[in-house]
Amino acid sequence: MQFDRVLDVRGLACPMPIVKARQEINQLQVGQVLKVLSTDRGSVKDFQGWAQTAKNIQLLAQETEKENDKEIYVHYVKRVS
Amino acid sequence: MEKQLHSELKANGRGLEERIAALEAKLATIEERLPDDRVSLVVFSGELDRVLAAFVIATGAAALGQHVSIFFTFWGLNALRKKKVLSGKKFGEKLMALMAPSSSQSLPVSKMNFFGIGAKMLRAMMRDKNVSSLEDLMQMARDLGVRIVACEMSRDVMGIKDDELIGGLEFGGVASFLGDALKSKATLFI
C-alpha cells in the first residue's frame, strides 16, 4: 500500500488516534494517503466510524501487524476532498 | 386536430412546471429542517469521570468533522473554574465557593471518591494507560474548534465570578443551547 505520510499514535488511547489522524489529514493534499500506526484495539472500529461519517476521507485498508507480541493496528486513510 | 393536440400538450406542460415548482419549494423547506453536522452536549455534572466522558465524545465528534458545542450548567461549571474567589460574595455564595472544587484538577469522581483519593487514583491509572488527562482533552477540544458555553443563569445563581472561570468561554442561556441542539444529529445530557 502506497502512502505519503506516517502518523505514529502507538501508546495513545481513545480518542487520540482519531483526533491526531484528523489533524494530520488536514495537512495532506487531496489524494494523498496517511498511514496510521496504533496500539488501540478500539481504533479499528473508530477509523471505520470516521470514514462513515466524514465526507472528505476514505479508509483504504486496515491491517494488523505483530511487533514483540503486541498488536499494531495499521490504517490507511486517503484524503478525498 | 393537430392544433388541439398541441394546445393540450402545452397545457400539460404548464401543469407539470407548476408541480415541479411546488415540489422544489417543498424540498427547500424540508432541507431547511434537516439537522447540520452538529453535536450538542450538556454537562450538568461536575465529576471528573463524567466530564471526561463529555470531552472524549466532544473531541471525537470534532475529529469526525462535526460542529460541537458543550453547554456547561450547574455543577458542570466547576470544570471550567480556574480559582476560588471569596471576596465580594454573599454568605451562601461563599459557602458554595468553599465547598466546590477550585478547578478541573480537583474534581471528584462520581463513585468511590473517598475524599478525593478516588479521583487521584483514577488520574494515576489513566496516566499509566496513556489516556489523555481531562486538561489535555479540554485543550484539544479548543484546538478542534469545540465551542464551550457557560450557562449564565446557573453561574449567577451559584455566585461564580467571571474571573473564577477559564478564558475563551461563551455565555448563554437555554435558547443558545436549543439553537444548537435543534440543529444537531446527536444531543447528550451528561
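Mentor: In this predicted model, helix H1 (residues 16-27) of chain A lies across S1, S2, S3 and S4 of chain A. The helix H1 of chain A runs at about 160 degrees to S1(A).

Trainee: Which strands does helix H2 (residues 43-53) of chain A touch as it packs on the sheet?

Mentor: Helix H2 of chain A touches S2, S3 and S4 of chain A. Its direction makes about 170 degrees with that of S3(A).

Trainee: How should I read the sheet itself, and in what order do the four strands of chain A stand?

Mentor: The general idea is that strands of a sheet pair through backbone hydrogen bonds, either parallel or antiparallel. Here the four strands form an open sheet in the order S1-S2-S4-S3 (chain A), and the pairing is mixed. At the edges are strand S1 (5-9) and strand S3 (57-67) of chain A, each of which pairs on one side only. From one strand to the next, the twist averages 20 degrees.

Trainee: In what sense do strand S2 (residues 33-38) and strand S4 (residues 70-79) of chain A pair, parallel or antiparallel?

Mentor: These two strands of chain A pair in the antiparallel sense, over six bridges. To follow one position, take Leu37(A), whose bridge partner in S4(A) is Val74(A).

Trainee: Let us turn to chain B. Into which domains is chain B divided?

Mentor: Chain B is divided into domain 1, spanning 1-34, and domain 2, spanning 35-189. Taken over C-alpha atoms, the centres of these domains of chain B are separated by 53 Å.

Trainee: What is the strand order of the open sheet in chain B?

Mentor: Its five strands have the order S4-S3-S2-S1-S5 (chain B), with parallel pairing. Strand S4 (170-172) and strand S5 (186-189) of chain B stand at the edges with a single partner strand each, so one side of each has no neighbour in the sheet. The twist averages 20 degrees from one strand to the next. S1(B) and S2(B) pair in the parallel sense over six bridges, and Val39(B) stands opposite Val68(B) in S2(B).

Trainee: Which strands of chain B does H7(B) touch?

Mentor: H7(B) packs on the sheet and touches S1, S2, strand S3 (147-151), S4 and S5 of chain B. The direction of H7(B) makes about 145 degrees with that of S1(B).

Trainee: Which residues line the largest cavity?

Mentor: The lining consists of Ser40(B), Leu41(B), Ser69(B), Ile70(B), Phe71(B), Val149(B), Phe177(B) and Asp180(B). The largest share, three residues, comes from S2(B).

Trainee: Where does Met112(B) lie?

Mentor: Met112(B) is in the loop between helix H3 (91-99) and helix H4 (117-128) of chain B. Although Met112(B) is not a glycine, it has a positive phi of about 55 degrees.

Key. Residues are numbered from 1 along each chain as its sequence is written. Chains are lettered from A and ligands numbered from 1 in the order in which they are written. This is a predicted model: local features need pLDDT of at least 70, side-chain atom pairs count only at pLDDT 80 or more; totals for chains, interfaces and linings use all residues. Side-chain values use heavy atoms; hydrogens and water are left out. Domain bounds come from an automatic or database domain assignment. On a 1 Å grid over the protein atoms alone, a cavity is a set of points where a 1.4 Å probe fits but cannot get out, and a pocket is an open set with protein on both sides within 12 Å along at least five of seven lines; lining residues have an atom within 4 Å of a point. Two strands pair if DSSP finds at least two bridges between them. Axes are lines fitted to C-alpha atoms, for helices over the stretch in contact, and angles run from 0 to 180 degrees between N-to-C directions. Contact means heavy atoms within 4.5 Å.
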